[in-house]
Amino acid sequence: LLPGTWRILALVALVVLTTIVALKTRQPLKPFSMVALELAANSEAAKIIIERWKKDDDSLVAARSLQYWDNYLILCYSTLLALVCVIIADWLYPLGSTANFHGKLLAWLMWVAGVLDYVENYAINKMLAGLIEDPWPKVSSLSASLKFMLLAAGVVYILSGILVRVVKGTATGDN
């Protein structure tokens, strides 16, 4: 719905905002990263991770801080990736083409990935509050897995679109 100039301004603003918020999520978790808890397949694995963080109180505080900032990051990254999918779709492919449709579909799916990230965060927050039992590790793991698959599909579309543009530009002499 944004015209070309506004898309570029929104893109720049989202890149800056996403970068700033992403830096806030860089927390010193030892010895496990947050992704380890996100993908912990069962309560035993989740308990091991959280118990290790509890031994180093700084890591538990960092995990809670990361979760706080991640709620803002989700809005930023999902909107950024959605916008880039739309830009790539409209930049490279004619309206109504399959590739254009796929780009717009993937744009919506970036927000679905964001919703899955919120579900995952809810489960992680339950575990960090002491409810390290079913269904929370499974909810987190399933949500994170689906989220990562959707995000990977969007990133592949974006990168392949950029590659197509570079190859087309090189072949025609447009750089």
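How much space lies in the second largest pocket? The volume is about 200 Å³. A pocket is an open set of points on a 1 Å grid over the protein atoms alone, where a 1.4 Å probe fits, with protein on both sides within 12 Å along at least five of seven lines. Grid points are joined across faces, edges and corners, and a volume is the space filled by probe spheres set on the points.

The model is predicted: local features need pLDDT of at least 70, side-chain atom pairs count only at pLDDT 80 or more, and totals for chains, interfaces and linings use all residues. Residues are numbered from 1 along each chain as its sequence is written, and side-chain values use heavy atoms, with hydrogens and water left out.

The protein chain has six helices and zero strands. Helices (H or I, at least four residues) and strands (E, at least two) are DSSP runs, numbered from the N terminus. The C-alpha trace spans about 60 × 30 × 30 Å along its principal axes.

The second largest pocket is lined by 14 residues, lining residues being those with an atom within 4 Å of a point. E38, D70, L73, D117 and K147 lie nearest its centre. Two or more lining residues come from each of α2 (34–38), α4 (57–92), α5 (98–128) and α6 (136–172). α4 gives the most, with five residues. The lining divides into seven nonpolar, two polar and five charged residues. Here Ala, Val, Leu, Ile, Met, Phe, Trp, Tyr, Cys and Pro count as nonpolar, Asp, Glu, Lys and Arg as charged, and the others, Gly among them, as polar.

α4 bends by about 35° at Y72. The bend is the angle between axes fitted to the seven residues ending there and the seven starting there. The axes of α4 and α5 come within 7 Å and cross at roughly 175°. These axes are lines fitted to C-alpha atoms over the stretch in contact, with angles from 0 to 180 degrees between N-to-C directions. α4 is therefore roughly antiparallel to α5, a class for angles over 145 degrees. Their contact has 18 nonpolar, nine polar and five charged residues.

Most peptide bonds are trans. A cis bond joins K30 and P31, with omega about -10°. P31 lies in the loop between α1 (4–24) and α2. Another cis bond joins D134 and P135, with omega about 10°. P135 is in the loop between α5 and α6.

Definitions and conventions. Angles under 35 degrees count as roughly parallel, over 145 as roughly antiparallel, 65 to 115 as roughly perpendicular and the rest as oblique.
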